[in-house]
Amino acid sequence: MKKYLKYSLVLITLVSFYACSNDDSKQDEIVAPVKDPSITIKLASEFAVPQYNVVEIAPEVTLENAEGKTPAYQWSVKVTSKDGAVKDSIIGESKNLLFITPKAADYVLAYKVTVDKIVKEASAKVTVSETGKTYTAKALKLIDYLPAPNYAMESYATKEESLQAVQTSLNEESSVYLGTFGGYIVTAFDHTVVNAYGQRDFIVQMEMGSATVKYSPVSIAVAYDANKNGKPDENEWYEIAGSEYYKSTTVKNYELTYKKPNSTATPVTGTLSWQYDTAYLPWTDNKNASGNITRTNTRRRSNYYPAWVGDSYTLKGTKVFIPTKDVSDGAGTSYNVGTFDWGYGGIKDPSIDISWAVDKEGKKVHLPGVDFVKVYVPTFTALGSSDLLMSIFKEVSDLNFPKK
């Protein structure tokens, strides 16, 4: 009995020892408190830039205890509304800011970085100076022009002659025929049109037609002169992705080659009275399709083809489907023509937001502004006796140009 009691006491002692040891180890496991994210901002206090020029403001932002968390950035500047109230206007939501403005003044930019509920703020002053130049709201400088076939083709002998004539038309605020698919005009502003945050930036004016005369909407591409060489380089072009851009009926990278009509060929008349020559102007595309543009009876004395381009030429762009309907019981004498919702010229609201620009893969890009605008015809269809559905260009203007 004593021996049993002795072993029992030893066992109790050992159990008590290990139990205490386990309790002590649990007490030693101290869980560190979760630290809130911390934000540090280094931002230069002052910047200087001439009006219509871009200054890049790149603050140094350091985040601690923010693993897996995405910071939110916001730039704002105080503006005075029409009623005299001063309020903060958001001008950017990225880490860095490309700041550009048409008005010479001192601007205080507020910068805010947010991670969860932690907010850090900083500010910088930007002094925008006058350039001493006089600017105009319209893009009046012609960079390039090449019309697609149309019944109002001018008989210029050389491209230089055509460019001189079109430049005169721009100066005199006259219209310029672009023709059918791919016909284009490229114009330049005398200043950079600012990509204003959250609002439309420029407008593309076209001839709008009437109940009986129909014109096609136009697509738009833009370029910002990043290297300041005074011309739109190939890698600087971006397309405005309007309401039709992502639709399944839209064809990207479309190419259409027009061939010079044979002036000695006998016209191939059609079954309808207006079909003067159904084999007039051959075309092929990069989708293995081909056909002919019909010369209508009304335009049988007109030349549809630009004489200065040689035996054939190819025009490129995004081809957009436009609904048309023959409402003359198949006679081809009257058509209804659809339109596009937004992001094009020649529609109800032809104002454009530079923020709609996309690259060749259709990904959005951020441009501080644009210096060049290309307007081109994205549709390829005919309206029977009314001839080709084409476009007529009028002008491009800066919507936010400062009023005197």
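Visitor: Which residues are linked in a network of salt bridges?

Guide: Lys-138, Glu-173 and Glu-395. Before we go on: this is a predicted model, where local features need pLDDT of at least 70, side-chain atom pairs count only at pLDDT 80 or more, and totals for chains, interfaces and linings use all residues. Residues are numbered from 1 along each chain as its sequence is written, and side-chain values use heavy atoms, leaving out hydrogens and water.

Visitor: What makes Lys-69 and Asp-116 a salt bridge?

Guide: The label needs a side-chain nitrogen of Lys or Arg within 4 Å of a carboxyl oxygen of Asp or Glu. For Lys-69 and Asp-116 the closest N and O atoms are 2.8 Å apart, so the pair qualifies. It links distant parts of the chain, 47 residues apart: Lys-69 is in the loop between strands S4 and S5, and Asp-116 is in the loop between strands S8 and S9. Those names are DSSP runs numbered from the N terminus (helices are H or I, at least four residues; strands are E, at least two).

Visitor: Why is Asp-116 called exposed?

Guide: Asp-116 has 52% relative accessibility. Exposed means over 50%, buried under 20% and partly exposed in between (1.4 Å probe, protein chains only), so Asp-116 makes the exposed class. Lys-69, with a relative accessible area of 35%, is partly exposed.

Visitor: How do you know that Lys-125 and Asp-106 belong on the salt-bridge list?

Guide: Their closest N and O atoms are 4.0 Å apart, and the pair counts as a salt bridge. Lys-125 comes out as partly exposed, at 32%.

Visitor: What makes strands S13 and S25 a pair?

Guide: Two strands pair if DSSP finds at least two bridges between them. S13 (202-206) and S25 (391-398) have five, in the antiparallel sense, so they pass. Gln-205, for one, has Glu-395 in S25 as its bridge partner. The open sheet runs S11-S25-S13-S22, with antiparallel pairing. S11 and S22 are its edge strands, since each pairs on one side only.

Visitor: What makes a space a pocket, and what volume does the largest pocket have?

Guide: On a 1 Å grid over the protein atoms alone, a pocket is an open set of points with protein on both sides within 12 Å along at least five of seven lines, whereas a cavity is a set where a 1.4 Å probe fits but cannot get out; lining residues have an atom within 4 Å of a point. Points are joined across faces, edges and corners, and the volume is the space filled by probe spheres set on them. The largest pocket holds about 1,300 Å³. Among the residues closest to its centre are Ile-91, Thr-101 and Tyr-197.

Visitor: And which strand gives the most to the lining of the second largest pocket?

Guide: S19, with five residues. That pocket has a volume of about 850 Å³.
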